[in-house]
Amino acid sequence: MTGVYRASRQWERITRHWFTEDAAVDLSHFKSERPNHKMSLWDPEVNGVRYLKTLVHNLATTLDPDDWARLRRTARREVGDPVVVRWHGMPICLDYLQATLEVGFIERSIDLRGARVLEIGAGYGRTCHTLLSNYDVAAYYIVDLHSTMRFSRRYLRVVLDDAQFAKLRFVPVEDGDVGLALSGSDFDLGININSFAEMTPETVRCYLDLIDRRCAALYVKNPVGKYQDRSLDGHVEGDEARWRAMETGPLRQVLDIHDNQAVRAAVPGFLAAYRPGPDWRDVNDAWAVPWSFYWQAVYRRKRPGGGG
């Protein structure tokens, strides 16, 4: 049976309005412009640059020496003109602050040395950039829509060296059945950050089945549910955007995302929804700093005899 590997109606709309043919031509300021506000960052002009910088500054105070070491090894983070603060002289933006925390969380459970990695929905490539800058992986596959892949391919070509870039393989969703395209490949780790929540439930299930067949471990970081709180953004994109967002993801229950008890109560459903299959167990999970309603987990396939 052919898998349901396609863009959701939410992402079809985003592609029409944000990811035009010309959008990825000039990378000079894209991290502070409209396309990246759909790939990675809520528009700071709507939510307040002052609050964004305050958030990044405060989060920087919580990073440990290993977090900073990962950032120092990740060169050219300034490409794209991100919104930054400086901490002890080092510029840092929210994207890469999250990336160093993501890689730090993964490495506590997974040996990344020489790993083969599959990332589903890579945005412009911040996690890929950070991981390849800190580990000598064997291969890194990116499955994504053509519209976003225009950014990740160009961005990663700029920030990675030749040897690192040569390890990348790009698999566009629109070019055919993704499961068939990856049928001869196995991976030590699958990664999904945020994008499962923006796909149809049927497409998420196809990807989880693919991970079940092809991966030994999975890292996932996504929301535990949906929200309808108009005070957060004034629903500035209109009702259509809100309706499309409510159609996507396996976790569509509405909750108060700034109520820690409500978020924590949704975690068992999150862990169950993203478990690739019955032979998998979650080996580590935690709140995904800084968003109040995001959770992260590492799953591993169970070894014969019941071991993890």
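How many salt bridges does the count come to? The count comes to 18 salt bridges, a salt bridge being a side-chain nitrogen of Lys or Arg within 4 Å of a carboxyl oxygen of Asp or Glu. The model is predicted, so local features need pLDDT of at least 70 and side-chain atom pairs count only at pLDDT 80 or more, while totals for chains, interfaces and linings use all residues. Residues are numbered from 1 along each chain as its sequence is written, and side-chain values use heavy atoms, with hydrogens and water left out.

View 1. Helices (H or I, at least four residues) and strands (E, at least two) are DSSP runs, numbered from the N terminus. Arginine 70 is buried, at 4% relative accessible area, and aspartate 67 is buried at 8%. Buried means under 20% relative accessible area, exposed means over 50%, and partly exposed is in between (1.4 Å probe, protein chains only).

**View 2. Arginine 126 forms a salt bridge with aspartate 95.** The closest N and O atoms are 3.8 Å apart. Arginine 126 lies in helix H7 (residues 126–134) and aspartate 95 in helix H6, so this pair ties together parts that are 31 residues apart in sequence. Arginine 126 and aspartate 95 are buried.

**View 3. Aspartate 209 and arginine 205 meet in a salt bridge.** Their side chains are 3.0 Å apart, N to O. The two residues are four apart in helix H11 (residues 201–214), which separates them by about one helical turn. Aspartate 209 is partly exposed, with a relative accessible area of 32%, and arginine 205 is partly exposed at 33%. Elsewhere, a network of salt bridges links Arg13, Arg16, Glu237 and Glu240.

**View 4. Phenylalanine 19 and phenylalanine 151 form an aromatic pair.** Rings of Phe, Tyr and Trp (its six-membered ring) pair if their centres lie within 6.5 Å; planes under 30 degrees apart count as stacked, over 60 as edge-to-face and the rest as tilted. By this rule there are 15 aromatic pairs. The pair of phenylalanine 19 and phenylalanine 151 is edge-to-face, with 5.9 Å centre to centre and 75° between the planes. Phenylalanine 19 lies in the loop between helix H1 (9–18) and helix H2 (34–39), and phenylalanine 151 in helix H8 (residues 146–159), so the pair ties together parts that are 132 residues apart in sequence. Phenylalanine 19 and phenylalanine 151 are buried. Ring pairs link Trp11, Phe19, Phe30, Tyr124, Phe151 and Tyr155 into a cluster.

**View 5. Tyrosine 227 and phenylalanine 293 form an edge-to-face pair.** The ring centres are 5.5 Å apart and the planes are at 80°. Tyrosine 227 lies in the loop between strand E7 (217–223) and helix H12 (238–247), and phenylalanine 293 in the loop between strand E8 (280–287) and strand E9 (294–301), so the pair ties together parts that are 66 residues apart in sequence. Tyrosine 227 is partly exposed, at 25% relative accessible area, whereas phenylalanine 293 is buried at 5%.

**View 6. Two arginines lie over the faces of phenylalanine rings.** Arginine 153 is 4.4 Å from the ring centre of phenylalanine 170. Arginine 157 is 4.5 Å from the ring centre of phenylalanine 165. A charge sits over a ring if NZ of Lys or CZ of Arg is within 6 Å of the ring centre and within 35 degrees of the ring normal.

**View 7. Phenylalanine 196 belongs to the largest nonpolar core.** A nonpolar core is a set of buried Ala, Val, Leu, Ile, Met, Phe, Trp, Tyr and Cys residues joined through side-chain atoms within 4.5 Å. Of the 99 residues in this core, Leu156, Phe196 and Tyr207 touch the most other members. Helix H6 (residues 94–107) gives the largest share, seven residues. Leaving aside neighbours within four places in sequence, phenylalanine 196 is in contact (heavy atoms within 4.5 Å) with residues including Ile120, Val204, Tyr207, Leu208 and Tyr274.
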